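Here is a brief report on helix packing, a sheet and a chain interface. The sequence and the structure come next.

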Amino acid sequence: MLSYFIRSVAFRHLRYSVSQSLLTIGVVAISVLLIIYLRTIIGGTQQRITQNTTGAIPHITVEPPERTPVGAWQLSSLGLDTDNLYVGEVVNLPKAREVIEDWRLWLPSLDAVDPEVATVSPIVTGQAFMNRGSRRQSVRVTGVIPERHNGIVEIEKNLDAGRFIGMVSGDVVLGQKLARDFGLKLRDKVRLVGPEGLTLNFSVAGIYTTGFGQVDDGQVFVTLRDGQSLLELGGSISSFGIKLTDLYDAENVARRMVPVFPFKVQSWVVQNPNLFRTLDAQGQTRDLILIMTTIASGFGIGSILVMVVTSKYREIGILKAMGATPGEIQSIFVLEGLLLAFIGCLVGVPLGVLLLKGLAAIRSVGPDGRVDAPFLIEIDPMLLLGASLVAMATGAVASWFPARKAGQVDPMQVIRGS
Amino acid sequence: MAQPVVELDRVGKTYYNGDVETPVLFDISFSIVPGEFVAIVGGSGSGKTTLLNLMGLLDRPTAGVIRVESQEVSQLDELSRAKARRDRLGFIFQFHYLLPEFTVLENALMPCRMRGREFEKSQEPRMRELLRAVGLEDKLKVRPPQLSGGQQQRAAVVRSLANEPAVVFADEPTGNLDSKSGRLVFDLMKRLSRESGTAFVMVTHDDNFALEADRVIRIRDGRLVGAPAGVPSGAIPSR
């Protein structure tokens, strides 16, 4: 361990080189502050963008498999009879609706497919017209089991009126904007016309504002059974939506599901490649800035310690002449670097937390008129610890070279140099 | 006859710089006994500081053997030489080189501090007494920049005795002082040598001080004066 001699010389150097010490502490504190600030702000922004994108959609979508066209020349390789193959006129085959028929059988398997699966929601979806009086508008009808689907999009929590969980056949739940456009309030009647012309009457059971444009505007929720009836899907569903506990693991979970299920399984990452690339680029930019900041802080500590070593050249020489070993001299300056980095952390971390708390308290009015915090800030204790460890490691590495130089001072040169 | 604290047996030193060889010392042999006060004199470039560095284990000879308290120390590695300096030798330099961040008392105790807190504590009363004896009793808590050159060098003399060394090596300790302060410091070293029984080896340009030493070792062109080339040289008594 560090001896009393090493500790006392290092502490005394720092105490009596106030301006140099303060300068180094300032450099470390600013770099710690920057690490905490950048990671939290950019991390928060990324989280907000991701939440805004994925908040209203499943993390994983399980859909009927795509039908892959097969060329005539491939038929024999597939073991199909090609002797009776005739090529005649081109006909338009009726477009088959791709649905999942036996969804009740698959639901338990999906529920248990991965520990990260939080919710599985069977969904029917299709276009319909909503009529009320003379007003008519195309809407996306989504038939769901509300108790399950509330795990995909939090409708219940964002209700302005009525209910979502517990809705029954004949109920419709819709967004505030749509309700306003149609002049609807709770228990008002509205008519939905399916793609095949089937018309069903519904009663408004709930009105919500989620903040997600695609949910609040132009989408209505009905029960799964009503959705199947309106869209004439029989007992089938269009897809399963899956919400995970960790949305960033969606691609891994989806990959694990592909060989297990005879469906098309896609994560939100694949469905939003541009967003993912943008977030990735943003993350890399942030990391680059952090690396540069850390290096700059390392150079700051290193250059100041080089100055200290140069100014203490004679004293180092005399200490070595009196019997201090190169290792002890080296330890003195590494300890100084570590102490400066440590004090820098003690200053930088509270400053960083204060700055973040200040930013978290800011409120502004968004374009939708809602008062909201512009910065999504979660102070992560692990980040504070991590930033401190990075600063300490930087202090150790940066002080190593001047310390080594100090350890190599030749006492005879010092004596002769006088 | 007391056991020598330092013995040199046909010691030589040659510096190598690439292919260029620069011999500095040749066939130096003498010994120093406890409590002896020895002056090394010689012109500039004669090799006296090199000789002091070899005896002080700051450098290694290229020929011959050096023993400190009967132990062969000529070829010890750097770490062992550092420990030997710490435990058995004391140093005084032309410039005091006190550490400005520490008080006079702490500076005097610095060699003890290298050996641990307990040892430092055990030596503190003795060092306080020594500092009092050299007239620095009211400067114990003062930092070196607030002292005069003479006072600083007196503190450095006390520091050289901190570890109760077998021998103290002093490289022109009065060279940077006015004559009055120089005299004070020289008398102090003589007195402490006599009182503590510690041998002192002092390199000096001042013949007056040299003549007051127990013995003078005169060196010219890397050889002890009076010793023909190739013949091991001895010491020349000053009186």
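In this predicted model, α10(A) and α13(A) cross in a right-handed manner. Helix α10 covers residues 273–311 of chain A, and helix α13 covers residues 381–407. Their axes lie 8 Å apart, at an angle of about 30°. On the α10(A) side, the contact includes G298(A), I301(A), G302(A) and L305(A). On the α13(A) side, A391(A), G395(A), A398(A) and F401(A) are among the contributors. The contact residues comprise eleven nonpolar, seven polar and one charged.

Chain B holds an open sheet of four strands. The order is β2-β1-β4-β5, with antiparallel pairing. Strand β1 (residues 6–17) is joined to β2(B) by nine bridges. One residue pair can be named: E7(B) has S31(B) of β2(B) as its bridge partner. At the edges stand β2 (20–32) and β5 (71–72) of chain B. Each has a single partner strand, so one side of each lacks a neighbour in the sheet.

Now the chain interface. Here 24 residues of chain B are in contact with 20 residues of chain A. Two elements of chain B, α2 (78–88) and α3 (104–113), each give two or more residues to the side that touches chain A. The largest share, six residues, comes from α2(B).

Conventions: Residues numbered from 1 in each chain as written. Chains lettered and ligands numbered in written order. Predicted model: local features only at pLDDT ≥ 70, side-chain atom pairs only at ≥ 80, totals over all residues. Contact = placed C-beta atoms within 7 Å. Pairing = 2+ DSSP bridges. Axes fitted to C-alpha atoms, helices over the stretch in contact; angles between N-to-C directions. Left-handed = near helix turned anticlockwise from the far one by under 90°. Nonpolar A, V, L, I, M, F, W, Y, C, P; charged D, E, K, R; others polar.
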